[in-house]
Amino acid sequence: MEITFDEYFAYQHHAARLPADLAQGRDAVRHPVVIAGGGPTGLALALGLANYGIPVVVLEADDTVCSGSRAGAFTRRTLEILERLGVIDEVMRTGHGWTTGWTYRGDKEVFRFEMPDDANQKYPPAISHLQNYIEHCMVDAAAGRQGLIDIRWQTRVTHLQQGEGGARLDVETPLGGYAIDADWVVACDGGRSTVRDLLGLRMEGRRHEGRYVIIDIRIDTEGMPLGRRCWFDPPSKPGGTLLMYKKPGNMLRFDYQLRDDDDETEETRPERVFAQVDRHLRMLGVERPWKPVWMSLYRASALTLDSYLHGRVLFAGDAAHLVPIFGVRGMNSAIDDTHNLAWKLAFVQKGLAGRSLLESYSSERVHAARENHRFASKGAEFMAPPSAPFRLMRDAVLSLCERHPWITSLMNPRQHAAIPLYDSPLNAGSDDTAAFDAGPRPGDILRECPLQREGRPAFLTDLLGPCFTAFFFSDDGRVPAPLAAACEAIAHRVPFALQVIARRATAHEAAAVDATGRLFSLYGARPGSLYLVRPDGHVMGRWLTADADALSRAIDQVVAIPEEACHV
Ligand SMILES: Cc1cc2nc3c(=O)[nH]c(=O)nc-3n(C[C@H](O)[C@H](O)[C@H](O)COP(=O)(O)OP(=O)(O)OC[C@H]3O[C@@H](n4cnc5c(N)ncnc54)[C@H](O)[C@@H]3O)c2cc1C
């Protein structure tokens, strides 16, 4: 159930279009990658692939971005990825950064959490924003990608057939249907994925207790705190839970739980929902006029496919997995999927790697989905206990947490963060990570740190690009000849950059200077150390003393011989 009362912003509506080269009911061009679904996952993947020069067609059933706002909180990892996709400036300009969450029992604050933050960070730990506005920014960015991204609006996938070395999709548009051939199809068509159904695949997992009404309202939010506020048993809703946070554009978001014996049809009548909002605002002493924008009924599910690679079809985002929204893992994890997939699909498509690289996408992201389920399910069970003993424990935690602060760790909502890939088959087996006393391990994402670049303030992640990156830590910027030669040879084979970090500002050849020594110490590095990082920002391996042969082997292990790549 979704009701839209008002537009969040002036949506652009897009006309249907047939391919320029239509012959006998078929798009005459065979495309490297066709993405089914132009929601946040499909759009992020298209922008990610464009960074590697891979042209994509996006088939989107609607004529505009999502009319409801859905995801409302975006974490630091997502912001880092949105920067790579070229949409961060507008997202940061229009979003609200936040760091704090409050939990109340009745109307009394019992717990306050701070999102992990420190002076090294480029972005806040989270921002509140509108999913649909971020989609809108992505559509704008796609238009600027020099003809690499072709979004076909009002184009619905209805049929799929896999063949030797590719797949054919049938689509319907208001102007007529046609078939389209692709080397690879990526299903980003959401929780009710048509592609998943066409392949006869089912997601496994569990559906959680609890039904939640979600409503966004427009109201003057001046002076209201930024951040997540959660009430258990509030005077405005005795026996229930209610979440509220401020969104950009003078908006408030409410998620509140229906009681088990509540009649769903009755309780989702707009008048009933508006009365609940009124009661809560009155409880907070807010007497300002407001208007509804969108409302929906939500049930939490923790479901995933057991593989995201089926022949020539890959799955990402809600088409691959559904994650309870507690801890904001839905869209955030979907964006992470695309960052993992874009470089791998690009490498395979360019013949630089074999199918095993796509298998690593599947295994890494299925693992991430299960970890996200584990964390988010704890949040879902705390909000809506699935049984009497769970409820007893939840209520005990709430009543004891004021007197016993240690107990509050049980109620921390554990917001989304990148899932480490410690068991990834891509991690260099032959590094000497055990010798480090600090820094990200293989499988972790990079830790942010400020430094100087060409005399100006910059951040470590500014040095990443759509390529493998080797960070060489040096005293004066000089690189040993064997390492420089190995890096040059690697760069001839695959997208690769050597980034030198020098301790001294007088350094030559240095890409960046760590004059404060903060980066060296955060990474447990000394002059001569090397970190190897994947194009999606996960560390692959690290050496206290750089080893040129081990570096080459680590890259070889990821990219396949061209013969294998021919038979993917
Ligand atoms: C009520 C609600 C609240 C949420 N709140 C949060 C939150 O606070 N934080 C968070 O991180 N996540 C949240 N989520 C989850 C988040 O919205 C999803 O994870 C996110 O939308 C997934 O993006 P997607 O692109 O994979 O799927 P979708 O957003 O569903 O996009 C799929 C796209 O595919 C298109 N499509 C479907 N079928 C076809 C077809 N046959 N052919 C062509 N196109 C097709 C659709 O039109 C749509 O544009 C929420 C979800 C809901 C429902």
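Predicted model: local features only at pLDDT ≥ 70, side-chain atom pairs only at ≥ 80, totals over all residues.
How many bridges join β28 to strand β29, and in which sense do the two strands run? Four bridges join them, and the strands run antiparallel.

## Overall build

The protein has 14 helices and 29 strands. Its C-alpha atoms fill a box of roughly 70 × 65 × 45 Å along the principal axes. A compact globule of 568 residues would have a radius of gyration near 24 Å, and the protein has 25 Å, so the two agree.

Buried residues make up 59% of the 568 residues. Take contacts between residues at least 6 apart in sequence: 74% of them join residues at least 24 apart.

## Two domains

The protein is divided into domain 1 (2-96 + 126-204 + 305-376) and domain 2 (431-565). Their C-alpha centres lie 31 Å apart. Domain 1 gives 19 residues to the contact, and domain 2 gives 20 residues.

## The nonpolar cores

Nonpolar side chains tend to be buried together in soluble globular proteins. Here the largest nonpolar core has 135 residues. Those with the most contacts inside this core include Ile149, Val186, Phe315, Phe347 and Leu532. Helix α8 (residues 330-349) gives the most to this core, with nine residues. The core draws at least three residues from each of domain 1 and domain 2.

Look at isoleucine 149. Leaving out residues up to four places away in sequence, Ile149 touches Ala46, Leu47, Ala50, Val56, Val58 and Ala142. A second, separate core has 21 residues, among them Ile217, Met224, Tyr256 and Met295.

## Strand β14 and its partners

Which strands pair with β14 in the parallel sense? One is β4 (residues 31-36), joined to β14 by five bridges. In that pair, alanine 36 has alanine 187 as its bridge partner. Another is β21 (residues 313-315), which pairs with β14 over three bridges. Here alanine 187 has phenylalanine 315 as its bridge partner.

Strand β13 (residues 166-172) runs antiparallel to β14, and five bridges join them. Aspartate 170 has alanine 179 in β14 as its bridge partner. β13 and β14 form a hairpin with five residues between the strands. In this hairpin, glycine 176 takes a positive phi near 120 degrees.

Now return to β28 (residues 530-533). Are its faces covered or open? Both faces are covered. Leu530 and Leu532 are buried on one side, while Tyr531 and Val533 are buried on the other. In a regular strand, side chains alternate between the two faces of the sheet.

β28 pairs with β29 (residues 539-543), and leucine 530 has tryptophan 543 in β29 as its bridge partner. The two strands form a hairpin with five residues between them. In the turn, glycine 537 has a positive phi of about 90 degrees. β28 also pairs with strand β25 (residues 468-474), in the antiparallel sense over four bridges. There, threonine 469 has valine 533 as its bridge partner.

## Glycine 439

Glycine 439 sits in the loop between α10 (388-400) and β23 (450-453). Is glycine 439 buried or exposed? Glycine 439 counts as buried because its relative accessibility is 11%, and buried means under 20%.

Beyond residues up to four places away in sequence, glycine 439 touches Arg447, Leu522, Tyr523, Gly524, Tyr531 and Arg542. Phenylalanine 520 is 81 residues from glycine 439 in sequence, yet the two are 9.0 Å apart in space, C-alpha to C-alpha.

## A three-stranded sheet

Three strands form an open sheet in the order β6-β10-β7, with antiparallel pairing. The edge strands are β6 (73-75) and β7 (96-98), and each pairs on one side only. On average, neighbouring strands are turned by 30 degrees against each other, direction ignored.

Helix α2 (residues 76-84) packs on this sheet and touches β6 and β10. The direction of helix α2 makes about 80 degrees with that of β6. Three bridges join β7 to β10 (residues 126-128). Tryptophan 98 stands opposite alanine 126 in β10.

Methods
Residues numbered from 1 in each chain as written. Heavy atoms only, no water. Pairing = 2+ DSSP bridges. Axes fitted to C-alpha atoms, helices over the stretch in contact; angles between N-to-C directions. Contact = heavy atoms within 4.5 Å. Core = buried A, V, L, I, M, F, W, Y, C linked by side-chain atoms within 4.5 Å. Buried < 20%, exposed > 50% of the residue type's maximum accessible area, 1.4 Å probe, protein only. Domains from an automatic or database assignment. Rg over C-alpha atoms; globule rule 2.2 N^0.38 Å.
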